[in-house]
Amino acid sequence: MTYAAITGWGDCMPPAVLTNADLSTFLDTSDEWITSRTGMKERRVSHVTAIELSTVAASRALACAGLDPADVDLIIYGGVSNEELVPNSASGVQYALGATRAAAIDLNTACTSFCYGLTTATAMIRTGVIRNAVVIGVELISRYMDWSNRNVAVLFGDGAAAVVLQASEQESGVLGSVLGCDADARQTLRVRGFGTGYAGVGVTLGDTIWDFDGQVIFKRAVKAMAEASIKVLADCGVASEQVDLVIPHQANLRIIEAVAKYAGVPMEKVIVTVQKYGNMSAATVPVALCEALNTGRVTPGSRILMPAFGGGLTYCSLLVKWGDRVTPLGASAMSLPPATQTALEMVNHIRANQDPHGRSAHGLMAPEFVEVRAHH
Ligand code: UT7
């Protein structure tokens, strides 16, 4: 039987750090509120594009796997942060890497995009469509964050990481996936200002405003990630005590603790990065996976649970069995150019270009109406 082993991994974290104190300079918030409600202390703000972050992460993952970019069959760009919708972002990564033979797919299921991408690429390898793939989880949320809204502005950060999957006869890689979507609550997490629903109704594309019902999302996230985790363990015949590591989506420390409790796994086995990177949406799971590998938390044969949750409201939980190798075969020469501005300077620049006037008009926009019509 063919499996899809994870043979390479690499992250690319932008260096500029935005602290809770930085956020307090322009929002009515505090380090005490953010830390106690979310566990977050810092997040990163990128000075480069999401394609650049992805390219460096993918190049590191390929070097780690010892795979030449020219031999890559497929690139999946998982995330919602795109410079343009046409051409897609995966093609930009393909070009920058020189992965000239690779197919290039953008996959958007919001925060679960990396895990959905991992499942998709695994299925394609296991059924013989391709022999290998690069799967990226990336976000550049700072560029379209509504920096005037404290309900969301304190929660998110930028970052990227990638893995390489290769066909293998050894039982490893993703062994089970439970995927789903609580679409009845899809309106609780929405970024307005992208997409055809906004064409011709007086909105400047890119002038985004966020709908975010934190309490509903919180409850749904805990329930869906916990239930999906219990189901994927049952599907794979693995008891919760046999799980070696949990690498969850990092939206809120309290959500992570609740999911671990329901899934029956102690917090000592859970990788937590939310304090230093915040919620990077699609990038949280692969960045935390890289951290787990780089700090020796993953050992040969480790059973890893990956629950995630995001806009849609999509959810999933994956069970991964690690292969034999936990050290990189090589290192990439690619790196980011240095940042010339602080994170706060970059955010203030974005804020200065956001139009509070245009933003107030968004409340009158059509998408709910379109959605209701589509249902009847
Ligand atoms: O990645 C996608 C999935 N995302 C998630 O899973 C996020 C899920 N939701 C959450 O993590 C939490 O609901 C939040 C962290 C977003 C909010 O925490 P909460 O404990 O649910 O707070 P809340 O929304 O109930 O707000 C409590 C109070 C409110 O004030 P009042 O009405 O009690 O006077 C808010 O206005 O906290 C206020 N508040 C803030 N105060 C200071 C909201 N945001 C802030 C802020 N700073 N940044």
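Partly exposed means a relative accessible area between the buried limit, under 20%, and the exposed limit, over 50%. I am working from a predicted model.

**Entry: Glu171 and Lys321**
I looked up Lys321 and found a relative accessible area of 23%, so Lys321 is partly exposed. Its partner in a salt bridge is Glu171, with the closest N and O atoms 3.2 Å apart. I then noted where the two sit: Glu171 is in the loop between strand 7 and strand 8, Lys321 is in strand 13, and the pair links distant parts of the chain, 150 residues apart. Glu171 is also partly exposed, at 37%.

**Entry: Asp182 and Arg220**
I asked which residue meets Asp182 in a salt bridge. The side chain is that of Arg220, at 3.6 Å from N to O. Asp182 lies in the loop between strand 8 and strand 9 and Arg220 in helix 7, so this pair ties together parts 38 residues apart in sequence. Is Asp182 buried or exposed? Its relative accessibility is 18%, so I wrote it down as buried. Arg220 has 25% and is partly exposed. I also noted that salt bridges with shared partners join Asp182, Asp184 and Arg220 into one network.

**Entry: Lys41 and Asp31**
I found a salt bridge between the side chains of Lys41 and Asp31, 3.3 Å from N to O. Lys41 is in the loop between helix 2 and strand 3, and Asp31 is in helix 2, so the pair ties together parts 10 residues apart in sequence. Lys41 is partly exposed at 37% relative accessibility, and Asp31 is partly exposed at 34%.

**Entry: count**
I looked up how many salt bridges the structure holds, and the number is 10.

Technical notes: Residues numbered from 1 in each chain as written. Predicted model: local features only at pLDDT ≥ 70, side-chain atom pairs only at ≥ 80, totals over all residues. Heavy atoms only, no water. Salt bridge = Lys/Arg side-chain N within 4 Å of Asp/Glu carboxyl O. Helix = DSSP H or I, 4+ residues; strand = E, 2+ residues; numbered from the N terminus. Buried < 20%, exposed > 50% of the residue type's maximum accessible area, 1.4 Å probe, protein only.
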